[in-house]
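Me: Hey, I'm new to this one. Could you walk me through it?

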Amino acid sequence: MIAVMGATGNTGRKIAETLLESGEKVRALGRSMSKLAELKRAGAEAFAGDAADAAFLASAFRAADAVYTLLPTDPRAADVRAEQDRQGKAIARAIRESNVRYVVALSSLGADSAQKTGLIAGLHAQEERLKRLEGANVLLLRPASFFENFYNLLPMVKHEGFIGESVPPNLPIPMVATRDIADVAALELKRRGWNATAIRELLGPRDLAYAEAARILGQRIGKPDLKCVELSDAQMAEALVRAGFSTSFAGLYTEMTRAFQDGTIRPREGRTEQNTTPTKFEDFAGELADAYESVP
């Protein structure tokens, strides 16, 4: 049996569905039983509870052959780093108490650095907790920026007419579809072919600049001249807060984008066949275009 955290989210849902389709027994974890209902109908055991509750997690992990873990960051939390640590400690404690032997953990490119990476510093701290677990074989997945992050930019596109980001528009960045992350995670959860701690970067099919992404998206939504505009850190933080995110999240986000610019966040392996994933932004842009039509 395999336990999957965040089973109603971008990666967790696809992992759970893929495992069920291949005949694996799945224990799906989420915040709400109602949101887990579809997976339950598909054959999963559903466990609803708080991702920062170590007792709940230990109960859900118990007797699992492997677990998929992640830190479900709340961008509205008053202190995002404290929330990351609270959840991360609960996850590590639950793994230890439930004697799970195989863990696939969603981390991020840049998690090898302890400081000046904003949101990703919390993932570095979690990697270190997981590495210290005796008897657990931990696979750390370090993907790049998600294609799905563009969903958050669609209201700006509709109402402001541009994409605003605190990175230079022509800076190439590795970007990846979460479905590709999920495919790798599901395969490794079934295979369980690593020992101690292993790390795997996931970089998407190619590096992509926001200017190019804006052009591709613009063509799909009837705005062929859609541009990406570089915002200052202060402008980006203000835009995030205006959108309902906390000042804590906004500050960590802009620190993270600075780390992309100065090269702190970058692939350590170079691009290889193993870390190059298949889904192209050109194909994903169709899904963004469908979502754009529903933006109020």
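Predicted model: local features only at pLDDT ≥ 70, side-chain atom pairs only at ≥ 80, totals over all residues.

Me: Okay, how do Phe150 and Phe281 pair up?

Reply: Phe150 and Phe281 make a tilted pair, 5.1 Å centre to centre with 55° between the planes. The pair ties together distant parts of the chain, 131 residues apart. Phe150 sits in the loop between strand E7 (145-146) and helix H6 (154-160), while Phe281 is in helix H11 (residues 281-292).

Me: And are those two buried or exposed?

Reply: Phe150 has a relative accessible area of 2%, which is under 20%, so Phe150 counts as buried. Phe281 is buried as well, at 1% relative accessibility.

Me: What about Phe245 and Phe249, how do they pair?

Reply: Phe245 and Phe249 form a tilted aromatic pair, with 5.2 Å centre to centre and 55° between the planes. Both of these residues are buried.

Me: Which residues make up the aromatic cluster?

Reply: One aromatic cluster is formed by Phe147, Phe150, Tyr151, Tyr210, Phe281 and Phe284.

Me: And where does Lys158 lie?

Reply: Lys158 lies over the face of Tyr292, at 4.6 Å from the ring centre.

Me: Switching topic. What's the strand order in the open sheet?

Reply: The open sheet has seven strands in the order E3-E2-E1-E4-E5-E6-E10, and the pairing is parallel. Strand E3 (45-48) and strand E10 (197-202) each have a single partner strand, so one side of each is left without a neighbour in the sheet. From one strand to the next, the twist averages 15°.

Me: How many bridges are there between E1 and E4?

Reply: Strand E1 (residues 2-4) and strand E4 (residues 66-69) pair in the parallel sense over three bridges. Val4 stands opposite Tyr68 in E4.

Me: Which strands does helix H1 touch?

Reply: Helix H1 (residues 10-21) packs on the sheet and touches E1, strand E2 (26-30), E4 and strand E5 (102-106). The direction of H1 makes about 155° with that of E1.

Me: And helix H7, which strands does that lie across?

Reply: Helix H7 (residues 178-191) lies across E1, E4, E5, strand E6 (137-143) and E10. H7 runs at about 170° to E6.

Me: Let's do H8. What span should that helix have?

Reply: Helix H8 (residues 210-221) has 12 residues, and at 1.5 Å a residue they should span 16 Å. The end C-alpha atoms are 16 Å apart, so that agrees.

Me: Which residues in H8 are buried?

Reply: In H8 the buried residues are Tyr210, Ala213, Ala214, Ile216, Leu217, Gly218 and Ile221.

Me: Why would residues three or four places apart in a helix point the same way?

Reply: An α-helix has 3.6 residues a turn, so residues three or four places apart point the same way.

Me: Got it. What follows H8?

Reply: Gly222 follows H8, and its phi is positive, near 80°.

Terms used
Residues numbered from 1 in each chain as written. Heavy atoms only, no water. Phe/Tyr/Trp six-rings, centres within 6.5 Å; stacked < 30°, edge-to-face > 60°. Helix = DSSP H or I, 4+ residues; strand = E, 2+ residues; numbered from the N terminus. Buried < 20%, exposed > 50% of the residue type's maximum accessible area, 1.4 Å probe, protein only. Lys NZ or Arg CZ within 6 Å of the ring centre and 35° of its normal. Expected span 1.5 Å × (residues − 1). Pairing = 2+ DSSP bridges. Axes fitted to C-alpha atoms, helices over the stretch in contact; angles between N-to-C directions. Contact = heavy atoms within 4.5 Å.
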